[in-house]
Amino acid sequence: NRYPAYMVMQDFETCDGNIRLTWRPRPNVTLVSRYEYQLSTIHTRADAAAGLGEIESSEMNSHIFAQNVSWSPWSRLFLQAGFNYVWSETQTPTSDYTRAVLDAQNNYWTVNFNSGFVVDDKTDLNLGYFYYLADNFDNNSDAGLPLGVSAEEHGITATLTRRLTEHLRLTLRYGYF
């Protein structure tokens, strides 16, 4: 009998376009730059008992910038580093009229490092590190609902893959976040 208990479905419709540039300054070095734009509309449908129809509850605009570099100093080893920045805002019809519901900032960035090593003809080892930072919390509790995310995450992963046959692999993976 209270919000959001009457909401039963949210549909996202996203139009997406991107441009990518790949450059190989040396045979063993690859640089990839990418820009992506996404426009999403969010439609909310309430429970039939609420007596409310479906509405377009918000619109989300996202700009994504990415840069990756790969280097293979040796045929059995590769190193990769990547950076992503996402600038995203969700706008609602009510945010123009009241401070109770603010446009939500959904900006964040990530950094990742990965390496792969061919141990032998049937065994590969991959190691990775991941970092995520979002600082979008807006304490709007004096006028309405505080929204946004402030989070920081670190993660490490290790994967050992053994090819038993042409069609069968055994994988041992560990991740700590």
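Mentor: Let's take the ring pairs, then the surface.

Mentor: This is a predicted model, so to speak of ground rules: local features need pLDDT of at least 70, side-chain atom pairs count only at pLDDT 80 or more, and totals for chains, interfaces and linings use all residues. Residues are numbered from 1 along each chain as its sequence is written, and side-chain values use heavy atoms, with hydrogens and water left out.

Trainee: Okay, how is a pair of aromatic rings described?

Mentor: By the distance of the centres and the angle of the planes. Rings of Phe, Tyr and Trp (its six-membered ring) pair if their centres lie within 6.5 Å; planes under 30 degrees apart are stacked, over 60 edge-to-face, and the rest tilted.

Trainee: How many aromatic pairs does a search of the whole structure find?

Mentor: Six. Take Trp-74 and Phe-117: their ring centres are 5.8 Å apart with the planes at 45°, so that pair is tilted. It links distant parts of the chain, with Trp-74 in strand β3 (residues 55–74) and Phe-117 in strand β6 (residues 108–120), 43 residues apart. Strands here are DSSP runs (E, at least two residues), numbered from the N terminus.

Trainee: And is the pair of Phe-113 and Tyr-129 stacked or tilted?

Mentor: Stacked, because the planes are at 20°, with the centres 6.4 Å apart. Phe-113 sits in strand β6 and Tyr-129 in strand β7 (residues 123–135), so this pair ties together parts 16 residues apart in sequence. There's also one aromatic cluster, formed by Phe-83, Trp-109 and Tyr-131.

Trainee: How do I read exposure?

Mentor: Go by relative accessible area: under 20% is buried, over 50% exposed, and in between partly exposed (1.4 Å probe, protein chains only). Trp-74, at 46%, counts as partly exposed, and so does Phe-117 at 30%. Phe-113 is partly exposed at 42%, as is Tyr-129 at 30%.

Trainee: Is Phe-177 buried or exposed?

Mentor: Exposed, because its relative accessible area is 60%. Phe-177 lies in the segment after β9 (168–176). Leaving aside neighbours within four places in sequence, Phe-177 is in contact (heavy atoms within 4.5 Å) with Phe-130, His-154, Gly-155 and Thr-157. Phe-177 and Tyr-131 are 46 residues apart in sequence, and 9.5 Å apart in space, C-alpha to C-alpha.

Trainee: Where is Tyr-174 placed?

Mentor: In strand β9. Tyr-174 is exposed, at a relative accessible area of 51%.

Note on methods:
Helices (H or I, at least four residues) and strands (E, at least two) are DSSP runs, numbered from the N terminus.
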